[in-house]
Amino acid sequence: RQSSIYRLQKPPQREQVPKDAWDKPTSLPSKSILTGMLAFLAGATNAIVFTKYKCYSNMMTGNSIMVGEGLATLHWAKFAFVSSMVGHYVAGVAIFRLLDSKLGLRRVIVTAPLVLLLYLAADAWSGRFDTIWHVPLLALAAGLANAFSSSTQTVVTNMLTGHWNTIGNFLGDLMSGKGAKGRSAAKRSLGITTTLLLGVVAGATLMEHGVNPRFWWLGAAYACVFAWYDGATLRSAGRR
């Protein structure tokens, strides 16, 4: 029968496939490079924001401690400010999560320009008004960036406590004779700590020499990272 003949036919050979289908790359962007970029940017952002404002835009443990301190000392201005930082950060994570669930990899058409716009708005606000209330915009952008990192890398690139734990666990296992258990995880954690600290050194060096950089370049860097990874992954998925 005709149907059985079709079942016995050989799969299409190369010349039967559309001309350019075999030549399109399907490899994904390097996750190790992306992780390093995100860790470096996180370190640079932390150094600049902390030096200028004595708070963190992308590490909420420190801000949460200051929330409690403000509450305990009845320092309501401090309490309101750092509470706003935490709230904006959480909002940034929620926004990324929503865009990711609704758009998938096409989230990049919103996330890339949005993170750049937030950093530009922080620059414009700080240049026009003598206030620190533009800093929560940086926390909102950091929430987007860190949610992107967790989503694409399944690893935290803006905080180091967990990574130091991983390195310590590996060293303990090594000394106890358990061999190289956890070597790959420790290697990744060491890479993240190193690149984040390099970012801190870069940001702190700029501030130490009175450069006082604007924030837009951080937003541009994050937007480029978003566009590079999500865009390349989206194209790769479409070519398979």
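Y119 and Y222 are both buried. They form a stacked aromatic pair, with 6.2 Å between centres and 15 degrees between the planes. This pair bridges distant parts of the chain: Y119 belongs to helix α5 and Y222 to helix α9, 103 residues apart.

A word on the source. This is a predicted model. Mean pLDDT over the chain is 85, and 85% of the residues reach 70 or more. Where is confidence lowest, and where is it highest? The lowest is helix α1, residues 2–8, with a mean of 45. The highest is helix α4, residues 76–103, at 96. Residues 1–26 have pLDDT below 50, and that stretch makes eight contacts in the model beyond near neighbours in sequence. Where pLDDT is low, the predicted coordinates should not be read in detail. I leave that part there.

Now the core. The largest nonpolar core has 46 residues. Y119 and Y222 are among those with the most contacts inside it, along with C55, V135, F148 and F215. Helix α6 gives the most, eleven residues.

Take C55 from that list. Leaving out residues up to four places away in sequence, C55 touches V49, F50, N63, M66, F81, M85 and V135. V135 is another of the residues with the most contacts inside the core.

Helix α2 runs over residues 31–53. At 1.5 Å a residue, its 23 residues should span 33 Å; the end C-alpha atoms are 32 Å apart, so the two agree. After α2 comes K54, with a positive phi near 55 degrees. K54 is not a glycine. It sits in the loop between α2 and α3. Buried or exposed? K54 is exposed, at 52% relative accessible area.

There is a second case, one loop on. L74 also is not a glycine, and its phi is positive, about 60 degrees. L74 lies in the loop between α3 and α4. Its relative accessible area is 55%, so L74 counts as exposed.

On to helix α4. Y89 is located there. Y89 is buried, with a relative accessible area of 14%; the cut-off is under 20%. How far apart are Y89 and N58, in sequence and in space? They are 31 residues apart in sequence, and 7.4 Å apart from C-alpha to C-alpha. N58 is also among the residues Y89 touches, not counting those up to four places away in sequence.

H163 is in helix α7, residues 161–175. Buried or exposed? H163 is buried, with 8% relative accessible area. What lies 2.6 Å from a polar atom of the H163 side chain? The backbone oxygen of V156 does. H163 also touches V155, S189, I192 and T193, again not counting residues up to four places away in sequence.

Last topic, the aromatics. How many aromatic pairs does the structure hold? Eight. One of them is W76 with F79, and it is edge-to-face: 6.0 Å from centre to centre, 90 degrees between planes. Why can these two meet? W76 and F79 are three residues apart in helix α4, so about one helical turn separates them. An α-helix has 3.6 residues a turn, so residues three or four places apart point the same way. W76 is partly exposed, at 49% relative accessible area. F79 is partly exposed too, at 26%.

One more group. F96, F148, F226, W228 and Y229 make up one aromatic cluster. F148 is also on the list of residues with the most contacts inside the core.

Look at H163 for the V156 backbone oxygen 2.6 Å from a polar side-chain atom. Look at K54 for the positive phi after α2. Thanks.

Conventions
Residues are numbered from 1 along each chain as its sequence is written. This is a predicted model: local features need pLDDT of at least 70, side-chain atom pairs count only at pLDDT 80 or more; totals for chains, interfaces and linings use all residues. Side-chain values use heavy atoms; hydrogens and water are left out. Helices (H or I, at least four residues) and strands (E, at least two) are DSSP runs, numbered from the N terminus. The expected span of a helix is 1.5 Å times one less than its number of residues. pLDDT is the predictor's confidence in each residue, from 0 to 100. Contact means heavy atoms within 4.5 Å. A nonpolar core is a set of buried Ala, Val, Leu, Ile, Met, Phe, Trp, Tyr and Cys residues joined through side-chain atoms within 4.5 Å. Buried means under 20% relative accessible area, exposed over 50%, partly exposed in between (1.4 Å probe, protein chains only). A polar contact is a pair of N or O atoms within 3.5 Å; within protein, one must be able to donate a hydrogen and the other to accept it, and residues adjacent in sequence count only if both atoms are side-chain atoms. Rings of Phe, Tyr and Trp (its six-membered ring) pair if their centres lie within 6.5 Å; planes under 30 degrees apart count as stacked, over 60 as edge-to-face and the rest as tilted.
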